[in-house]
Amino acid sequence: MNVAKRTCTIASILACLLAIFVAIWAPDPWSKAKDGGRNACPMGYGGKAEERRRTANQAAVAFVRGNLWTGQDKMPWASAMLVSEEGKVIVLGETEEILAQIEDDVKVVSLDGKYVYPGFHDSHVHLITGGLSLSSIDLQHVHTREEFVERVKQGVARVDKGGWVMGFGWDEHDWGGEWPTAEWLEQVAPDHPVLLLRYDMHAGLANYKALREANLTEKSVDPPSGRIGRELSTGNLNGLLYEYALISVTSQIPKPSVQAREVALERAAEYLLARGVTCVHDMGRVALGPPGQSSPAWDDFHELYFPLADAGKLPLRVHAFMPLSSWKDLADFVHVTGFQHPGGFLSWGGLKEFYDGSLGSRTALMQEPYDDKPGETGEQLIAKDRLAFLFAASSSSGLSVAVHAIGDRANLDVSAVFAENMPSGSEGTGPGPQHRVEHAQHLGGEEIARTLASSGAVASIQPLHMESDVPLLAARLGLKRAGPAHSFAYRTLLRGGVRLAMGSDWPVVRSDPISAIVASVFRNTTGEAWVPEESLTVSEALLASTRDAALAANRGHDLGVLEVGRWADLVVLSSDLLALASGGARPHVLRTYVSGRCVHGC
């Protein structure tokens with residue numbers, strides 16, 4: 001369904017044609033932004049949000065007696081910071097200096113020598129999916145078939161007969177490598193349709209009832225860019241579905257209500273803020289229906305994020321991505337609204353596409369066959385020329401494109417598309433499109449890094465994927481493709497001139513910026529350092545989680561660094577994160593602040 005043609009209500013707002021905006025909303029223009037009106041809304045949508053947020057604000061806050069790492073080159077450290085009622089930094093300096101100039105009504109927060117950093121960005125999450133996963137069957141760290149079945153049995157008991165049962169997070173390697181089948185579920189879930197997603201969300205297990213509801217039979221043919229699992233000896237369906245074959249089942253699952261998604265957002269925010277994450281780059285919920293149906297990412301944007309932002313109630317900052325196929329809708333939306341809500345908690349302008357799958361499911365697109373599966377090279381989920389067309393059109397409209405690419409062939413193709421189709425003058429770190437390769441996990445050597453750098457694109461990396469994928473690398477790819485300049489090649493990317501933005505891919509893996517920084521520096525998620533010559537320094541990893549991540553979201557003007565004029569998002573840690581390089585203790589999050597207001601650990 002064309003998103004721009006959707007009917008909308010006053011409560012959910014947006015998703016309307018320009019004429020509907022004019023008819024519904026009285027003019028109340030957003031103030032012109034310093035970036036030449038980039039954030040201005042001529043229709044007045046959201047014009048009251050800043051006023052409502054100010055009304056709810058407390059007094060100005062002075063943070064004193066701390067060790068504040070600012071992220072600035074010119075002033076890397078300070079001991080104190082003064083934050084306005086609005087929530088922005090107005091003075092950064094020394095404690096005595098700030099205490100001498102504040103008024104009596106300013107709230108003083110003593111940091112007692114603790115270490116403070118800009119709030120972390122998680123540059124790749126599926127926000128509502130993550131929140132929903134917190135209440136589904138947790139299949140992570142299951143070590144036997146019996147434990148797997150027992151967890152499903154317990155989950156089924158919580159759902160009315162005939163209702164859908166959802167689970168997430170299984171990894172066959174946790175119990176020895178045998179893939180689960182629908183037969184495992186037959187005794188514990190005969191009357192419920194069940195779908196259990198693998199941890200990477202590129203494969204799933206459906207029980208027989210779910211297969212019947214999806215009208216899948218032995219005569220069903222594999223969809224383009226997908227595969228229906230079958231028993232080798234009989235050809236009977238075994239319940240496993242890969243990539244786009246999942247849509248046949250997911251399209252049968254009822255859409256979660258707005259209320260359910262609001263609860264999921266609240267839970268997700270609590271989870272993330274507890275880990276020091278103050279801004280997420282939301283890649284959206286995976287589409288549950290075939291092309292032509294409404295997009296979950298657009299639904300969440302219109303029904304949740306924008307109304308909450310307009311009411312001043314978004315609990316953390318969200319930079320939202322939409323499907324690349326909807327670029328015209330986003331271009332029209334941006335033409336009316338700009339790129340950012342005036343309250344500062346919501347921004348947009350990014351588009352997401354998948355080029356391939358995952359290493360664990362052997363659907364990552366490789367140049368040569370998998371060592372442990374001769375003849376298989378993975379799945380290509382979009383034609384290269386189609387991606388080139390959509391990229392060029394989107395970039396010319398001022399939109400940013402993020403493409404999922406894990407395999408070396410996928411990264412080769414995507415970097416070439418970016419380099420060959422980049423509009424003139426769009427490279428760089430200033431305002432304008434910030435194109436990204438999501439994951440950039442396997443390269444074919446240093447040349448790919450140089451090609452990617454020539455386009456000005458960012459590599460959005462997820463170091464905690466090493467926990468699940470490093471144990472597979474040697475057997476699946478061989479030592480060369482698992483080695484330097486090939487797998488998790490962060491140093492190669494930096495050396496080639498590529499900027500990095502760090503994230504998690506939550507809920508595929510946990511969102512935990514401190515653990516991600518540790519993994520990127522020490523690369524020992526499995527107990528032994530894997531290709532340590534590709535390590536980052538702590539400073540490089542920290543910048544990829546703060547300043548450079550903000551740039552990748554086109555928020556380099558107001559987030560990512562503690563600096564006068566920017567939002568005061570910060571995390572207080574138990575010890576110095578930078579001291580990790582010299583053997584210091586691993587810190588943990590004590591408190592998290594957004595716009596100078598305590599939101600965790602208060």
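By class, the residues that line the second largest pocket are 12 nonpolar, 7 polar and 5 charged, where Ala, Val, Leu, Ile, Met, Phe, Trp, Tyr, Cys and Pro count as nonpolar, Asp, Glu, Lys and Arg as charged, and the others, Gly among them, as polar. The model is predicted, so that local features need pLDDT of at least 70 and side-chain atom pairs count only at pLDDT 80 or more, while totals for chains, interfaces and linings use all residues. Residues are numbered from 1 along each chain as its sequence is written, and side-chain values use heavy atoms, with hydrogens and water left out.

A pocket here is an open set of points on a 1 Å grid over the protein atoms alone, with protein on both sides within 12 Å along at least five of seven lines, and its lining residues have an atom within 4 Å of a point. The second largest pocket has 24 lining residues, and Gln-140, His-141, Gly-169, Val-508 and Val-509 lie nearest its centre. The helix α14 (466-481) and the strands β9 (137-138) and β10 (165-170) each supply at least two lining residues, and α14 gives the most, with 4; helices (H or I, at least four residues) and strands (E, at least two) are DSSP runs, numbered from the N terminus.

Turning to the backbone, Pro-507 sits in the loop between β21 (499-502) and α16 (513-522), and the peptide bond that reaches Pro-507 from Trp-506 is cis, with omega near 15°. In the loop between α16 and α17 (538-544) lies Val-531, a residue other than glycine whose phi is positive, near 50°.

Terms used: On a 1 Å grid over the protein atoms alone, a cavity is a set of points where a 1.4 Å probe fits but cannot get out, and a pocket is an open set with protein on both sides within 12 Å along at least five of seven lines; lining residues have an atom within 4 Å of a point.
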